Amino acid sequence: MTTTSPATSSTETEQHGFKAHSDGGDAFVPVQTRSERFASTDVAAFPAVTGREPAWKYTPVAQLADLIDGELDGSEYPFEAPAVDGVAVAWVGRDDKRIGTAGTPENKAAANAWTAFEKALVISVTGEEEKTFRLHRSALGDTARAAHTVIEAAPHSRALVILENAGQAALTENIEIIVGDGAQLTVVSVQEWAEDARHLAEHFAEIGRDAKLKHVAVTLGGKIVRVNPSTHLGSQGADIESLGVYFADAHQHLEQHVYVDHDAENTRSRVSYKGALQGEGAHTVWIGDVLIRQTGTATDSYEENRNLVLSEGTRADSVPNLEIETGDIAGAGHASATGRFDDEQLFYLMARGIAEADARRLVVHGFLVEIIQRIGDAELGERIEAAIERELAAGDLQS
C-alpha cells in the first residue's frame with residue numbers, strides 16, 4: 001500500500017485534503033492545488049465521498065456508489081488483441097515491480113480499483129520499428145469491476161497502442177503508462193460503451209528522458225464516463241501531447257480531469273481537448289491542471305479546451321488551472337471557450353447552396369476532426385468520424 005500526503009499534514013483531517021487556517025483555530029479549508037492532494041492505493045485511507053470534494057464536485061456520485069467504495073470483481077476479464085511483433089501481453093501478479101511506477105490514486109474510486117484488482121494486464125512494447133497494437137474489450141458485463149493495466153515502452157521503442165472499449169460496463173480502473181528514455185509512444189483510449197455503461201478511469205504516465213507520449217482520449221458512448229490522464233514529466237526533455245475529443249448526447253455525462261506535472265527542466269506539454277454537446281441534459285466536464293515546479297526550468301506548456309453547443313439544455317464545465325513556481329520558463333498559457341455555431345461559417349456554406357442541416361454537420365465535423373487527424377491511424381480516424389456522423393444524424397441540430 002502506497003500513501004502520499006502534503007508535507008505539512010499532521011492530522012487525519014489534513015491528510016485527506018484539508019488544512020487549518022493560520023488564524024482560524026479549528027476551522028479547515030480544502031486544499032486548492034492539485035499537487036497537494038492526498039494520494040493512496042488503499043481505499044480505506046480515503047473518507048466517504050460526499051460530492052463536494054474537488055475531484056467529485058461536478059460528478060453524479062450518487063450513481064457511482066458501487067464503483068467508488070463498493071465491492072468490485074477484480075478477476076481477469078476477456079479481451080481481443082491480435083498478435084503484433086514487438087508487443088507482448090500478459091497477466092501479472094500484484095507484486096510485479098512495474099505496478100505503481102507511474103502514479104498513485106488521488107480519489108477513492110481509483111483506490112478502490114487498486115485495492116480490488118487481482119492481476120494486472122501488462123502490455124510491453126520493444127523495438128525501434130513503428131508498430132500498431134489494438135486491444136478490444138466488449139464483454140465486461142454490468143457487474144461492478146476493477147481493472148489495472150500497465151503499458152510499458154522500452155527505451156527508444158516506437159508504437160501506437162489503441163485501447164478500444166465497447167458494450168456494457170460498470171468499471172473503475174487504473175492504467176499506468178511507462179515511457180522509457182528516448183521512446184515514442186502513442187496511447188489512444190476509445191470509449192464507445194453501451195448507453196447505460198459507467199466507466200471511471202485514471203491514466204498515470206511517467207515519461208523518461210527525451211521521450212514523448214501522445215495520449216488521446218476519445219469518448220462517444222456511455223452514461224457516465226470519466227477518463228482522467230495524469231502525466232509526470234520527471235526527466236529532462238520529456239514531452240507530452242494530451243489530446244481529447246468527445247460528443248455528449250442527452251442525459252450523458254462525460255468528464256475528464258487532465259493533470260500535467262512539469263518536474264524537470266526542458267520539458268514540454270500540449271493539451272488540447274474538443275467536445276460537442278447536444279440534447280437535454282448532456283453534460284461535459286473538462287478540468288486542466290498544469291503545474292510547473294521550481295525544478296521545471298525552461299518549461300514550454302500550453303493547454304486549451306473548446307466546446308461546441310448544438311442544442312438547448314446542455315452544460316459544459318471547463319476549468320483550466322495553471323500553477324507556476326519558477327520564473328525561468330520558455331512559455332506557459334491556457335485557454336477555454338464554449339459557444340454555439342459560428343454564424344459566418346454557416347452563412348458561407350449556405351450561400352453556396354448547402355442546406356442548413358448539412359452545413360451544421362460540416363461545421364461540427366470540421367471542429368472535431370482536427371483532433372481526430374492527430375491520432376495517426378487512418379482506420380481508427382475514419383471509424384471515429386463515422387461514429388460522430390451517426391451522432392449528428394440522430395440529434396436535433398437546430399440552434
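Begin by selecting Ile151, Ile177, Leu185 and Leu213, which touch the most other members among the 46 residues of the largest nonpolar core. A nonpolar core here is a set of buried Ala, Val, Leu, Ile, Met, Phe, Trp, Tyr and Cys residues joined through side-chain atoms within 4.5 Å, and buried means under 20% relative accessible area, with exposed over 50% and partly exposed in between (1.4 Å probe, protein chains only). Strand S10, residues 170-179, gives the most to this core, with four residues; helices (H or I, at least four residues) and strands (E, at least two) are DSSP runs, numbered from the N terminus.

Before going further, note that this is a predicted model, in which local features need pLDDT of at least 70 and side-chain atom pairs count only at pLDDT 80 or more, while totals for chains, interfaces and linings use all residues. Residues are numbered from 1 along each chain as its sequence is written, and side-chain values use heavy atoms, with hydrogens and water left out.

Next, centre on isoleucine 151 and display its contacts, a contact being heavy atoms within 4.5 Å. Leaving aside neighbours within four places in sequence, isoleucine 151 is in contact with Ile123, Val161, Leu163, Ile175, Glu176, Ile177, Ile178, Leu185 and Val187. Another core lies apart from the largest one and has 29 residues, among them Val364, Leu368, Ala387 and Ile388.

**The cavities**

On a 1 Å grid over the protein atoms alone, a cavity is a set of points where a 1.4 Å probe fits but cannot get out, and lining residues have an atom within 4 Å of a point. Grid points are joined across faces, edges and corners, and a volume is the space filled by probe spheres set on the points.

The largest cavity holds about 90 Å³ of space. To find it, select Arg137, Thr149, Leu163, Glu173 and Ile175, which are the closest to its centre of the 14 residues that line it. At least two lining residues each come from strand S6 (119-125), strand S7 (132-137), strand S9 (158-167), S10, strand S11 (184-193) and strand S12 (198-207). By class, this lining has six nonpolar, six polar and two charged residues, where Ala, Val, Leu, Ile, Met, Phe, Trp, Tyr, Cys and Pro count as nonpolar, Asp, Glu, Lys and Arg as charged, and the others, Gly among them, as polar.

The second largest cavity, with a volume of about 60 Å³, is lined by Arg34, Arg37, Ala55, Glu106, Asn107, Glu202, Arg226, Asn228 and His257. Its lining has one nonpolar, three polar and five charged residues.

**Strand S14 and its partners**

Select strand S14, residues 224-233, next: nine of its 10 residues are buried, so this strand is largely enclosed by the rest of the structure. S12 and S14 pair in the parallel sense over nine bridges, pairing being assigned if DSSP finds at least two bridges between two strands. S14 also runs parallel to strand S16 (residues 253-262), to which seven bridges join it.

Move back to strand S10 and pick asparagine 174, which is buried, with a relative accessible area of 0%. Not counting residues up to four places away in sequence, asparagine 174 touches Pro105, Ala110, Ala113, Trp114, Ala147, His148, Thr149, Glu202 and Phe204.

Helix H3, residues 108-116, comes next, and seven of its nine residues are buried, so this helix is largely enclosed by the rest of the structure. The buried residues are Lys108, Ala109, Ala110, Ala111, Asn112, Ala113 and Trp114, and they pack against S4, H2, strand S8 (144-153), S10 and S12.

**Three loop residues**

Proline 60 lies in the loop between strand S4 (39-40) and helix H2 (65-69) and, at 22% relative accessibility, counts as partly exposed. Leaving aside neighbours within four places in sequence, proline 60 is in contact with Ile224 and His253; the C-alpha atoms of proline 60 and isoleucine 224, 164 residues apart along the chain, are separated by 8.3 Å.

Finish with asparagine 266, in the loop between S16 and strand S17 (268-277), and alanine 298, in the loop between strand S18 (283-292) and strand S19 (300-309). Phi of asparagine 266 is near 60°, a positive value in a residue other than glycine, and phi of alanine 298 is near 65°, again positive in a residue other than glycine.

Terms used. 1 Å grid on protein atoms, 1.4 Å probe; cavity = no way out; pocket = protein on both sides within 12 Å on 5 of 7 lines; lining within 4 Å.
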